[in-house]
Amino acid sequence: QPTSDLDWLANYRERGQTYADYLDECPLLDEKNTVTQKTIYLTYTETVKQGDSLYQIFSSLNFSRQEVVQVITEFEKVFNTKKFKIGDSYTITYSTDNKFIKLEYSSDIINTYVVEKVDETNYISKHLQQHLDEKIVLVTGKVEKTLWDSIISLNLSGEVVLNFADIFSWQIDFLTETRANDQFKFILKQYFIKDKKYKDGEILA
């Protein structure tokens, strides 16, 4: 049992974490200089790989079979595990004695699914969604070489180019009838997460 932040525990590394950081935030010594018991939590962050399953992931961390089944059962209340796919990210928080604390699973930048342990036998699950801010923007530009390259250069998606071409396809063939310095203008809906563009939306006019 360490008694100060100079003990061996303070310099021990586990999964990239140092216990020195933990000791700085939660010192083992109380005001009376007596040793107090602290619980240390570890985190395991990874992405889903080919052949992975939730059961395999949890089992590799040496959780009991009963706990693995309980966590997965709770997780399935908020997430369809058939949609468990390569590239999704997850973070598992657990104690040094291999007791599950929390699972955070992100299927994309917007959706995160969480399972937390409430007590020895109970778990709760929830679905968290990032708020999307909607903005209406005016896009203007001129054709340099091709319409595609000119719109893409404005940090817009290829889908915007295709939608724009489709709207006016009955008037002009953008493959053969556009010329250098032709101008274009349209109003576009865009979606942002914390002032960072998430995706382009529909062309409004």
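This is a short tour of a predicted model, with stops at a few side chains to select in turn. Residues are numbered from 1 along each chain as its sequence is written, and side-chain values use heavy atoms, with hydrogens and water left out. As the model is predicted, local features need pLDDT of at least 70 and side-chain atom pairs count only at pLDDT 80 or more, while totals for chains, interfaces and linings use all residues.

Begin by selecting threonine 91, which lies in strand β4, residues 89–95 (strands, E, are DSSP runs of at least two residues, numbered from the N terminus). Its side chain makes a polar contact with the side chain of threonine 45, at 3.0 Å (a pair of N or O atoms within 3.5 Å, where one must be able to donate a hydrogen and the other to accept it).

Next, select aspartate 88 and lysine 85, whose side chains meet in a salt bridge at 3.0 Å, N to O (a side-chain nitrogen of Lys or Arg within 4 Å of a carboxyl oxygen of Asp or Glu). Aspartate 88 is buried, with a relative accessible area of 3%, whereas lysine 85 is partly exposed at 40% (buried means under 20%, exposed over 50%, partly exposed in between, with a 1.4 Å probe and protein chains only).

Then move to glutamate 202 and lysine 189, which form a salt bridge with their closest N and O atoms 3.3 Å apart. This pair links distant parts of the chain, with glutamate 202 in strand β10 and lysine 189 in strand β9, 13 residues apart.

Finally, select leucine 204, found in the segment after β10, which is partly exposed at 43% relative accessible area.

Terms used
Helix = DSSP H or I, 4+ residues; strand = E, 2+ residues; numbered from the N terminus.
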